[in-house]
Amino acid sequence: MNNEKILKLSSITKKLLLALFGTFLLVFLLFHMVANLFILADDGGDAYSAFCHFMGTNMFVKVAELVLLGCFILHIGLAGYLWFCNRGKRPVRYHQPSRTKTAKGSKLAMISGSLLLVLLIFHFYDFYFVKLNVVKGGHYMVKTEEFVLSNPDQEVSEEAQIVVMKAIQDQKVSSDGQSLRDLSLEDKEILQQNFPDAEFEPDFYNTAHDKFSVWHIVLCYLVFFFVVGLHIRHGFESAFQTFGLNHYKYSRLIQILGIIYCWIVCLGFAVVPLTVFIKSLIA
Amino acid sequence: MNFTLHIWRQENATAEGHFETYKVSDISPDCSFLEMLDILNEQLINDKIAHPVCFDNDCREGICGMCGLYINGRPHGNDDGITTCQLHMRKFHDGDEIWIEPWRAKAFPIIRDLVVDRSAFDKIIQAGGYISVTTGGVPDANTIPVPKRFADMAMDAAECIGCGACVAACKNASAMLFVGAKVAHLAMLPQGHVEAQERVKKMVCRMDELGFGSCTNTYACEAECPKQIKRQNIARMNREWIKQLFAGNHKPAE
């Protein structure tokens, strides 16, 4: 045996890498869930927008984002590769369906994972691609001082003045008075023509409120979270097993932690669209 | 008891197989599954109906690991912790239809009917499932420096009889439980511990070469193992693998 064999990635090394990237994603999921809870703050979006601004501009976050994206791609890629390698290991299938008691989450991991990938694309379309400016969003925000300073001398068109006046009238100014929020795409484009240097950011607080007041989008997201739950129910425990951290002493503890983690993440995610939806119904 | 049997018949490794239906009657509920097949074979020979059904068996008391049939969707039939020879007809209902299939895996090619070639397991053992350091003469049992619980865990893992039910049950036809048990029981004892890293490297690489799939943690193997080998052995193998990935700095053998 030499190093060549190890470079070829044994079945265990493939699993180890898959679990490693999966673990990053597990940690990220918890972070994402906690961040989402800012949407529930009853401050018109101050906290969440500040958070989004930080996440959109901080250098370290940008690096972390790249790492995370890499984890996503590698996790999905490796899972696909493992699936591909496992194909054909049983050329003739059994006539009778298996009646062996197995961990269902693990058995369905590939299906739940594939489903997640599809749902993730829709989720990215709603939010992440808007952030990357690949897809046009419905709501934008901009720092007011930035765009006033960026074009102090030039005459501002009447259209832009109307947009700004209207935004102030509709109380679309953040509580610190520094940014305009909830600008529609048209308003944003008008302002952008007049203030080319101003940096517009997607307003995810209002985007989320917009999306989550439609019942079928809320339902889709709840299904999404359910599938996430199913997948991490497998992932959490499996990661420990793959890292060789399954031991008679604490395997029960890991199981319980996995269930708790799964529920916390799923409920944490689900509470945001549900609350926003119920609020919109009352309003 | 009367049964309708659907049995996989296949002339040889290359021939195309198919299910053949047979009926057996007046089977005692105390009859073992293999004895029931013996009765069927006697019937087939006496009545000159067909070539008797080939199946592997030897000790018929659950310790040799020769028998192994996929019965109604479960390796070794619908009971836990037993081999096929320990399955009794009282576990079935009178008039049941029973589907009998061989182990299905790329690494276990069919020889004839229900007999599969499990020499892939032997090849994995040959790759590293042994101790090559000299350990001297047979020591008194109480002079070996091994804690009781380690000895117990090693013994539990060493119970593996290599029947192949883990591979048969796994949706990826993976042999991780078998290799895990072999790696674990040697790694836990002082005589085997010194070569543990080299061993896991050799055995896992050989397992991959032989066409077994990789593990996706469904634990079907653990559920079907007649010796109830635990998944913790797979974790121990993973642990040994990680150790050899990072710490395996032995001088290569000359």
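Two strands are taken to pair if DSSP finds at least two bridges between them. On that basis, in this predicted model, chain B holds an open sheet of five strands, arranged in the order S2-S1-S5-S3-S4 with mixed pairing. Strand S2 (18-24) and strand S4 (74-75) of chain B form the edges, each pairing on one side only. In general, the strands of a sheet pair through backbone hydrogen bonds, either parallel or antiparallel. Strand S1 (residues 3-9) of chain B runs antiparallel to S2(B), and seven bridges join the two. Within this pair, Leu5(B) stands opposite Tyr22(B), a residue of S2(B).

Helix H5 (residues 176-187) of chain B may be considered next. H5(B) is mostly covered, with 12 of its 12 residues buried. Among the buried residues are Met176(B), Leu177(B), Phe178(B) and Val179(B), and they also include Lys182(B) and His185(B).

The remaining topic is the contact between the chains. Here 40 residues of chain B are in contact with 40 residues of chain A. On the side of chain B that touches chain A, the elements giving two or more residues are strand S5 (97-101), helix H7 (196-209), helix H8 (220-224) and helix H9 (232-247) of chain B. H9(B) gives the most to this side, with eight residues. By residue class, the side of chain B that touches chain A comprises 17 nonpolar, 11 polar and 12 charged residues.

Key:
Residues numbered from 1 in each chain as written. Chains lettered and ligands numbered in written order. Predicted model: local features only at pLDDT ≥ 70, side-chain atom pairs only at ≥ 80, totals over all residues. Helix = DSSP H or I, 4+ residues; strand = E, 2+ residues; numbered from the N terminus. Contact = placed C-beta atoms within 7 Å. Nonpolar A, V, L, I, M, F, W, Y, C, P; charged D, E, K, R; others polar. Buried ≥ 20, exposed ≤ 12 C-beta atoms within 10 Å, placed from the backbone.
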